[in-house]
Amino acid sequence: MAAALVDEEINNDDFYALLNVRREATQDELKAAYRRLCMLYHPDKHRDPDLKQQAETLFNLVHQAYEVLSDPQSRAIYDIYGKKGLEMEGWEVVERKKAAAEIREEFERLQREREERRLQQRTNPKGMISVGLDATDLFDRYDEEFEEPGSRFPQIEINKMHISQSIEAPLTTTDTAVLAGSLSTQNGNGGGSINIALRRVTSAKGWGELEFGAGDIQGPLFGMKIFRNLTSQSFITTHCGLQFSSRGIRPGLTTVLARNLDKNTMGYLQWRWGSQSAMNTSIVRDTKTSHFTIALQLGIPHSFMLMSYQYKFQDDDQTRVKGTIKLNRASQTYFFPIHLTDQLLPSAIFYATVGPLVIYFAMHRLIIKPYLQMQKEKELEKQRENSSSTIALKKQEAEAAVRLMQESVRRIIEIEESKLGLIITNAWYGKFVTDSSGRNERAKVIDVTVPLQCLVKESKLILTEACKIGVPGFYDPCVGEEKSLKVIYLFRGVLHQVMTADNESLRIPKQSHRIDTDG
């Protein structure tokens with residue numbers, strides 16, 4: 001994830017930031033910004049060969065940005081998908097369309113065609129390993145006088161195990177085959193099963209599935225499942241099956257109606273007919289930090305009311321620890337239920353509740369968090385090393401832009417000084433370090449006084465709401481880290497100061513930026 005963000009920052013060519021216009025800019029605003037930068041970077045204005053070559057590079061970049069944003073179709077593609085959308089094969093055969101929705105549909109069609117060529121290389125493996133541990137000997141032991149010699153240490157045994165695995169194989173863009181198998185053993189007895197399912201997406205609102213299965217515990221199974229979106233907030237699923245066994249054929253039917261109650265809450269109504277018929281209603285709320293369920297069932301032979309709450313301990317590496325030990329890594333789940341005691345014992349309750357919490361917080365604070373931070377820093381450092389040549393090129397482009405701005409900046413400063421207007425005295429961009437940070441960190445900033453002064457027009461400076469890396473004369477001094485812009489300026493002879501986040505817009509001068517020098 002960090003690597004992807006680094007790549008995105010390094011290769012950030014924001015056309016709106018380059019022209020310093022709003023994303024809603026009109027054709028007149030685009031044309032005015034383009035003409036202004038053309039006058040600044042036109043190669044014919046520079047006699048020095050090096051400056052002339054640098055000006056030509058920047059002039060071509062500005063021209064590319066204007067061509068894209070001034071064309072309604074190209075602009076719609078860029079707004080939705082960025083530069084990668086413009087580079088996608090197939091746009092040359094697309095007729096000129098005005099609506100962004102039509103362009104989105106065409107882009108998705110091209111993506112589907114590309115995905116079809118990758119179908120044979122894609123699978124979606126999922127698996128779970130569950131190991132049951134019997135630790136009752138820790139708390140439920142005979143007194144020492146009844147113990148056998150050599151049995152001083154408590155015994156922890158594995159009393160059950162379950163392993164399941166499934167693989168999805170796309171056959172076409174609408175058809176998928178699913179192969180799944182499982183093995184289980186408990187107290188010396190075990191069994192297994194295998195299932196094959198064929199799934200077809202019938203429309204954007206639904207799909208159907210045929211299932212065939214067999215196992216040594218239960219006989220062959222034939223089933224069918226149908227899913228359908230009723231509205232954007234609700235759906236229904238129906239599953240019917242025939243279970244073959246030595247006692248005959250047992251049919252079954254299950255229907256579930258579900259609806260989104262809010263962003264994190266689902267409501268379910270379920271009707272099940274077969275060997276264990278029942279009606280069930282439940283509400284499930286799942287957030288980033290907790291999971292809550294309340295359910296009521298009326299059925300034969302079981303009727304009950306259930307309420308459960310789980311608090312999720314979650315770190316940046318997506319490893320979750322719950323009441324029992326459950327770890328999710330990639331598409332594999334490792335589950336370790338631990339049986340502590342057969343009766344209510346204070347010591348067992350303590351070790352099953354308080355103990356895991358203390359261990360988790362201690363490990364998270366002392367081991368997991370420092371390790372993840374170290375891994376993140378290593379990954380960023382490695383990515384910076386791999387991208388050092390690209391970063392160096394961006395730095396050269398920014399320095400070249402600053403050299404090309406010098407003459408224009410001198411004229412702007414003369415005009416502004418003559419009317420006590422806006423003078424940028426100092427400006428820095430990058431990562432700033434405060435005294436309260438508690439680390440021996442060094443500020444990673446670059447001087448952007450000249451690029452900002454070059455943008456001053458009629459005693460005003462306006463920066464749009466975009467990443468400042470795309471502004472001419474800027475580059476990224478600290479890839480992968482949060483950046484800010486600090487500006488100190490004079491207006492009407494009075495000193496002002498402002499600091500803003502990287503993606504925030506900026507308008508100066510403002511009365512609130514004034515530095516109070518009284519007293």
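This is a working chat about the predicted model shown above.

Trainee: What does the secondary structure of the protein come to?
Mentor: It comes to 10 helices and 23 strands. Keep in mind that the model is predicted.

Trainee: And what share of the residues counts as buried?
Mentor: Of the 519 residues, 32% count as buried.

Trainee: What about contacts between residues at least 6 apart in sequence?
Mentor: Among those contacts, 46% join residues at least 24 apart.

Trainee: Let's do helices. How do the axes of α3 and α4 cross?
Mentor: They come within 10 Å and cross at roughly 170 degrees. An angle over 145 counts as roughly antiparallel, so α3 is roughly antiparallel to α4.

Trainee: Which residues make the contact?
Mentor: From α3, they include Leu-30, Tyr-34, Leu-37 and Tyr-41. From α4, they include Leu-58, Phe-59, Val-62 and Tyr-66.

Trainee: Now rings. How many aromatic pairs are there?
Mentor: The count comes to 5 aromatic pairs. One of them is Tyr-34 with Tyr-66, and that pair is stacked. The centres are 4.2 Å apart, with 5 degrees between the planes.

Trainee: Where do Tyr-34 and Tyr-66 lie?
Mentor: Tyr-34 lies in helix α3, residues 27-41, and Tyr-66 in helix α4, residues 49-70. The pair therefore ties together parts that are 32 residues apart in sequence.

Trainee: Are Tyr-34 and Tyr-66 buried or exposed?
Mentor: Both Tyr-34 and Tyr-66 are buried.

Trainee: Why is the pair of Phe-227 and Phe-235 tilted?
Mentor: Their planes stand at 35 degrees, so the pair counts as tilted. Stacked would need planes under 30 degrees apart, and edge-to-face over 60. The ring centres of Phe-227 and Phe-235 are 5.2 Å apart.

Trainee: Is Phe-227 buried or exposed?
Mentor: Phe-227 is buried, with a relative accessible area of 16%. The cut-off for buried is under 20%.

Trainee: What do the ring pairs link into a cluster?
Mentor: Trp-207, Phe-227 and Phe-235. Trp-207 also has a charge over its ring: the charged end of Arg-199 sits there, 5.4 Å from the ring centre.

Trainee: Switching to Leu-210. Where is Leu-210 found?
Mentor: In strand β5, residues 206-215. Leu-210 counts as partly exposed, at 33% relative accessibility.

Trainee: What does Leu-210 touch?
Mentor: Leaving out residues up to four places away in sequence, Leu-210 touches Ile-196, Ala-197, Leu-198, Phe-222, Gly-223 and Met-224. Take Met-224: Leu-210 and Met-224 are 14 residues apart along the chain, and their C-alpha atoms are separated by 4.6 Å.

Trainee: On to strands. How do β1 and β2 pair?
Mentor: Strand β1 (126-134) and strand β2 (157-170) pair in the antiparallel sense, over 9 bridges. Gly-132 has Lys-160 in β2 as its bridge partner.

Trainee: And β2 with β3?
Mentor: Antiparallel, over 11 bridges; β3 covers residues 175-186. Ile-167 stands opposite Leu-179 in β3. β2 and β3 form a hairpin with 4 residues between them.

Trainee: What joins β7 to β8?
Mentor: A hairpin, through 2 residues. β7 (234-245) and β8 (248-262) run antiparallel and are joined by 12 bridges. Thr-238 stands opposite Thr-255 in β8.

Trainee: What joins β8 to β9?
Mentor: A hairpin through 2 residues. β8 and β9 (265-273) pair in the antiparallel sense over 9 bridges. Arg-259 stands opposite Gly-267 in β9.

Trainee: Last topic: what is the order in the open sheet of 4 strands?
Mentor: The order is β19-β18-β21-β22, with antiparallel pairing.

Trainee: Which strands stand at the edges?
Mentor: β19 (444-447) and β22 (494-501). Each has a single partner strand, so one side of each is left without a neighbour in the sheet. The twist averages 20 degrees from one strand to the next.

Trainee: How many bridges are there between β18 and β21?
Mentor: β18 (422-431) and β21 (484-491) pair in the antiparallel sense over 8 bridges. Ile-423 stands opposite Leu-490 in β21.

Terms used:
Residues are numbered from 1 along each chain as its sequence is written. This is a predicted model: local features need pLDDT of at least 70, side-chain atom pairs count only at pLDDT 80 or more; totals for chains, interfaces and linings use all residues. Side-chain values use heavy atoms; hydrogens and water are left out. Two strands pair if DSSP finds at least two bridges between them. Axes are lines fitted to C-alpha atoms, for helices over the stretch in contact, and angles run from 0 to 180 degrees between N-to-C directions. Rings of Phe, Tyr and Trp (its six-membered ring) pair if their centres lie within 6.5 Å; planes under 30 degrees apart count as stacked, over 60 as edge-to-face and the rest as tilted. Buried means under 20% relative accessible area, exposed over 50%, partly exposed in between (1.4 Å probe, protein chains only). A charge sits over a ring if NZ of Lys or CZ of Arg is within 6 Å of the ring centre and within 35 degrees of the ring normal. Angles under 35 degrees count as roughly parallel, over 145 as roughly antiparallel, 65 to 115 as roughly perpendicular and the rest as oblique. Contact means heavy atoms within 4.5 Å.
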